[in-house]
Amino acid sequence: MKKAAAVTGGPPAPAVGKTLDGELLLHIYRNIYATRRFELRCIELYRQGLIRGYLHPYLGEEAIAAGACAALRRNDYIVSTHRGHGHCISKGADLKRMMAEIMGKATGYCGGRGGSMHISSREDNNLGANGIVGGGIPIATGAAMGVTVKGTDQVVIAFFSDGASNNGVFAESLNLAGVFRLPIVYVLENNHYAVSTPVECSTGCCDLAGRGPAYGVPGICVDGNDAVEVYRETRRAVERARAGEGPTLIEAETYRHGGHHINDPGLYMDPQKLAEWKTRDPILLMRRAIADEARVAEVEKRVDYELEAAVEFGKNSPEPSVEEFLAAVSD
Amino acid sequence: MAELMYREALNRALFEEMERDPLVFIMGETIGERGGSYKVTEGLLKKFGPRRVVDTPIAEASFTGMAVGAALTGCRPIVEILFIDFAMLVMDQIVNQAAKYNFISGGQGRVPMVLRTQGGAGNGLAAQHSQSLEAFFYHVPGLKVVMPATPRDACGLLKSAIRDEDPVIFIEHKLLYMTQGEVPDGEVLVPLGKAEIKKPGRDLTLITYSRMTLICLEAAAALEKEGISVEVVDLRTLVPLDKETVLASARRTGKVIVVHEACRRGGVGGDIAAMIMEEAYDDLDGPVMRIAGRNTPVPYNLNIEKVCVPSVEDVIEGVLKVV
């Protein structure tokens with residue numbers, strides 16, 4: 001870990017209580033566990049040929065989405081990434097419609113047109129995953145501009161990765177959000193790899209949170225495996241944004257448990273480092289924080305049941321109709 | 001009926017739409033205080049304030065992407081890209097994001113945004129400020145492409161573009177801003193996807209759009225004196241393409257030339273010509289021809305710039321070869 005909760009630039013944020021409400025902890029745990037189980041199930045289904053295309057697991061990173069989304073209201077917006085199942089689940093998506101979408105079925109969120117890489121759920125104001133690394137950053141920034149024009153007090157979270165932070169739109173968007181003081185929180189998920197390139201080989205300065213102050217955006221680095229810490233710092237940032245005090249950049253440090261996507265064994269990853277990070281698995285940390293085995297087991301049981309129902313729903317759902325699809329295509 | 005310049009007609013459309021709908025706002029470089037490089041946004045900042053008339057940093061990709069995001073929250077953003085050449089910086093946001101969103105989300109969200117920009121050669125602005133790049137956008141499913149030739153169409157089409165539920169690429173021409181024409185009083189709305197026969201004729205059809213409409217009309221007037229009756233169809237919007245008007249005219253005259261300023265290779269003229277030959281072959285007296293810009297970057301020197309894009313003489317010569 002580099003540095004915990006070190007704020008650089010900007011005014012001090014309001015304090016958030018040290019002990020969190022037990023229900024909130026369970027809610028966060030539910031989303032971490034659901035994401036983990038959902039993806040492990042997806043990997044099985046993929047191997048059985050029931051899921052195709054690209055699938056980018058979020059294994060090991062679940063605490064970031066779960067912690068950050070817990071700091072939002074239902075009508076706040078998020079913009080997700082190609083590694084987006086955790087964001088989708090944590091923002092409130094229905095596992096059935098998610099599973100159906102990833103299986104390419106007509107009953108999925110996008111009618112089978114999007115798949116894992118483009119999943120969105122507008123009823124949760126999840127504007128969607130994105131197949132272009134960095135592509136969602138300006139969209140999130142624009143959503144923040146949109147709510148400003150409309151005069152609502154909604155806030156936006158942009159999720160993206162260390163890889164995306166080296167794309168031009170990251171710099172442009174942070175600058176734009178800084179100058180217009182937009183109500184947005186940039187959550188940079190530093191999982192240490194841009195596909196296979198380690199973060200220290202892709203930038204001359206690994207202090208990614210430190211890029212914020214260069215644009216007048218406070219930057220902060222948090223332990224991305226600790227959902228409680230992610231929640232606390234995101235909540236501070238969300239409150240600042242809602243109060244009209246502008247954007248924040250949160251770098252959440254984590255480590256991918258596997259390769260870039262389902263068919264990448266990740267042989268380039270350092271096994272020792274991975275083993276170290278696994279001792280700090282978000283699931284373990286959260287179970288420890290809750291310290292109530294019975295309630296944890298209850299949450300897990302409910303998720304397991306929900307998940308199997310989702311798989312059945314996906315399997316039994318119809319394929320999109322080719323005729324209907326072609327009828328809607330204009331020439 | 002007011003006599004307005006093209007840029008004034010666009011300005012009127014922006015005023016009217018921003019007044020009508022508080023969710024319409026505009027972003028771009030130097031559009032506020034300065035009123036835009038071609039004065040299209042003059043007066044908007046004073047009237048609507050900095051929240052709705054936003055002077056952006058030089059960050060085309062991101063502020064165009066911001067329009068996508070703002071549109072998804074229910075706003076109707078307009079972005080101005082100073083030159084279509086600079087639109088190359090925003091291709092990810094237009095092609096991969098704006099054009100795809102409604103489709104890949106399974107209809108969960110439309111993207112009602114307008115990207116206003118201007119293209120075309122003239123004034124010696126050289127290779128990076130003179131291009132006609134509409135074919136890039138024409139090629140991408142999910143985008144509408146509008147290229148008005150007259151002040152009335154500029155006003156009426158911009159208003160329709162702003163009200164449209166999908167992303168619209170609205171391409172103006174730098175040499176048209178100072179041209180004048182009549183714009184009716186009251187609300188002027190020109191629907192997207194409707195061509196207009198700017199001059200009826202019997203012997204040959206010129207299919208064109210944007211500034212080449214004026215060139216074709218001038219050529220047609222000269223040919224009329226020689227007893228050659230030329231019909232000029234101004235497409236006004238390339239997507240949706242008004243196939244009905246195009247094919248009806250082609251069938252009537254039996255001879256068609258497509259005229260555009262963009263480079264001939266890969267230009268929309270080739271696609272339109274193919275469409276006409278596929279669908280109206282039996283009614284044609286010969287192949288559909290093209291008169292188009294040369295396949296070269298546009299040079300700075302005015303004499304060599306001039307020969308890169310079709311002139312009135314080029315059109316007359318092209319018509320005489322066919323009739």
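Which residues does A143(A) touch, not counting residues up to four places away in sequence? The legends below answer this and describe further close-up views. The model is predicted: local features need pLDDT of at least 70 and side-chain atom pairs count only at pLDDT 80 or more, whereas totals for chains, interfaces and linings use all residues. Residues are numbered from 1 along each chain as its sequence is written, and chains are lettered from A and ligands numbered from 1 in the order in which they are written.

**View 1. Surroundings of A143(A).** Within chain A, A143(A) touches Y77(A), V79(A), L127(A) and V156(A). In chain B, the residues it touches are G69(B), A70(B), L72(B) and T73(B). Contact requires that the C-beta atoms of two residues, placed from the backbone, lie within 7 Å.

**View 2. The largest nonpolar core.** This core has 189 residues, and A143(A), A158(A) and V187(A) have the most contacts inside it. Domain 1 (2-183) and domain 2 (196-322) of chain B both give residues to the core, so it lies between them. A nonpolar core is a set of buried Ala, Val, Leu, Ile, Met, Phe, Trp, Tyr and Cys residues joined through C-beta atoms within 7 Å; a residue is buried if 20 or more other C-beta atoms lie within 10 Å of its own.

**View 3. The side of chain B that touches chain A.** Here 30 residues of chain B are in contact with 31 residues of chain A. Two or more residues come from each of α3 (60-72), α4 (91-98) and α5 (101-104) of chain B, and α3(B) gives the most, with 10 residues. This side of chain B divides into 14 nonpolar, 13 polar and 3 charged residues.

**View 4. Strand β5 of chain B and its partners.** In β5(B) (residues 114-119), 6 of 6 residues are buried. One face carries V114(B), R116(B) and Q118(B), and the other L115(B), T117(B) and G119(B). Strand β4 (residues 76-81) of chain B runs parallel to β5(B) and is joined to it by 4 bridges, with I81(B) opposite T117(B). Strand β7 (residues 168-173) of chain B also pairs with β5(B) in the parallel sense, over 6 bridges; L115(B) stands opposite I169(B) there. Pairing requires at least two bridges found by DSSP.

**View 5. The two domains of chain B.** The centres of domain 1 and domain 2 of chain B, taken over C-alpha atoms, are separated by 26 Å. Between these domains, 23 residues of domain 1 are in contact with 25 residues of domain 2.

Key:
Ala, Val, Leu, Ile, Met, Phe, Trp, Tyr, Cys and Pro count as nonpolar, Asp, Glu, Lys and Arg as charged, and the others, Gly among them, as polar. A residue is buried if 20 or more other C-beta atoms lie within 10 Å of its own, exposed if 12 or fewer, and partly exposed in between; C-beta atoms are placed from the backbone. Domain bounds come from an automatic or database domain assignment.
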